[in-house]
Amino acid sequence: MGRPDLNRRRLLAAAGGAAIAGSFGFAALGTGADALASTARTRVRYWNLFSGGDGYNMIAMLDAFRRAHPDIAVKDSTLQWGNPFYTKLAMAAAGNRAPDLGVMHMGRVTGFAPGRLLDAWDVDLLAGYGLREQDYNPGLWRRGVIDGKLYALPLDVHVQLCFYRKDVLRKAGLLGADGRIVPITSTDDWFGVLKEARKATRKGLQTIGLWINDQNFQWWFFVAFYTQLGGTWFDDARTRVTFDTDKATQVLEFLRRHVTDGYADPAKGSVGSEQFINGSPFAWEGNWSVPVYDSAKLDYGAIPLPPVFGHRATHAESHTFVLPHQSDRGGAADEAAHRLAAYVVTHATQWAAGGHIPAYTPTLSTPAYKKLYPQNEYASAIDHQANEPKVWFAGSTGILAQRVGPIVVSSTLGSAKPDVVARRMRSELGTLLAMKNPMDGKTAAQGGASA
């Protein structure tokens, strides 16, 4: 496979602008810094973007791999999260200086020029290391397939959740006999629950933290509830916008009502976690907040975003392993990269402790996972994922969220009417559909075929 025909300017534009070119954070973690000095016969260079609790859990899993495979030395490096990571990874792949193994968000894979900046996985080799397609949720596996080849090997599913304080809801009479929140199946149910919860909430606290001012969270919430309504984005050929403005308006009005009815305060919209720790009954947050609330020793639970429009769906993304393009990929290092990825995926109980849902479905039925709470309360979200459309401009920190997220925020804050915002969203989707991917010069319709 030849070297991709890409230049530095196009790569920087694709990943977020030339201003970030010099801002790459780079640090070796764990025992990876010593790997190059080891006597192991095979060495694997691995780049990831995991910091904080995720970083510590990844280090622990890598160290376990090293103990199990002393003949393979892993040189792991953690780079700055977000566009700086993607820019450096793209430039390394384009310049034939890529690591043997990398991590990406699933939603970004389609825009990363699979076949040019990413190499396909050898599924037979993965199977030899104990990892097969049937070990995955079918929809999740298909998201990593482009032009019939697997380019993204999912490690997890991370979802938006409705966290609830059991101590507050108990006072409000909103817990069932099983100690979990009462069922919610409609918008009336949900706002009825908020009304009762507010009565049991301490003065000065908002009823729910919604990250009102954050374009990413507001976009993720929109994707979830729009999916619950059965909303679509584009036709299968990705040549026509099918975005339903009536359904979008319903979702935008729903989000806005949290503010107009006084359950969420825009002035406190970016401190939902703090409010929750201090006693607010609800917070809508990603599952990565589980370690935070565990550390605070809260009496709490977590469910997927409530199915207020009748169908279960909560926004979901995935961390995936990828093979950054190497002109000479193959041999012992490539096989070791496959072995390492397969090992981490199939030994992800520690990863689940950080709140993520393991992508390897056999893990979900193990006694160790079943004991994790509240993880076992929301694990079903893996079968009810609301994903962004599979187009080059989607995915975590992608252009779609950057362009449409602020439009959603304008509705939630009340600076624009929901029906007007819905039409603006549809127009923006049309503009994005006609744009060319700076990675390969193709529109969404001209890009690789989805699974």
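The largest pocket in this predicted model has a volume of about 690 Å³, where a pocket is an open set of points on a 1 Å grid over the protein atoms alone, at which a 1.4 Å probe fits, with protein on both sides within 12 Å along at least five of seven lines. Local features need pLDDT of at least 70 and side-chain atom pairs count only at pLDDT 80 or more, while totals for chains, interfaces and linings use all residues. Residues are numbered from 1 along each chain as its sequence is written, and side-chain values use heavy atoms, without hydrogens and water.

**Pocket lining**
- The lining of the largest pocket is made by 26 residues, and Trp-233, Asn-387, Glu-388, Pro-389 and Lys-390 lie nearest its centre; lining residues have an atom within 4 Å of a point.
- Two or more lining residues come from each of α6 (138-143) and β16 (385-386), and α6 gives the most, with four.

**Strands β9 and β12**
- Strand β12 (residues 300-304) has four of its five residues buried, and strand β9 (residues 156-165) runs antiparallel to β12 over five bridges, where pairing requires at least two DSSP bridges.
- Tyr-300 in β12 is the bridge partner of Arg-165.

Definitions and conventions
Buried < 20%, exposed > 50% of the residue type's maximum accessible area, 1.4 Å probe, protein only. Points joined across faces, edges and corners; volume = space filled by probe spheres on them.
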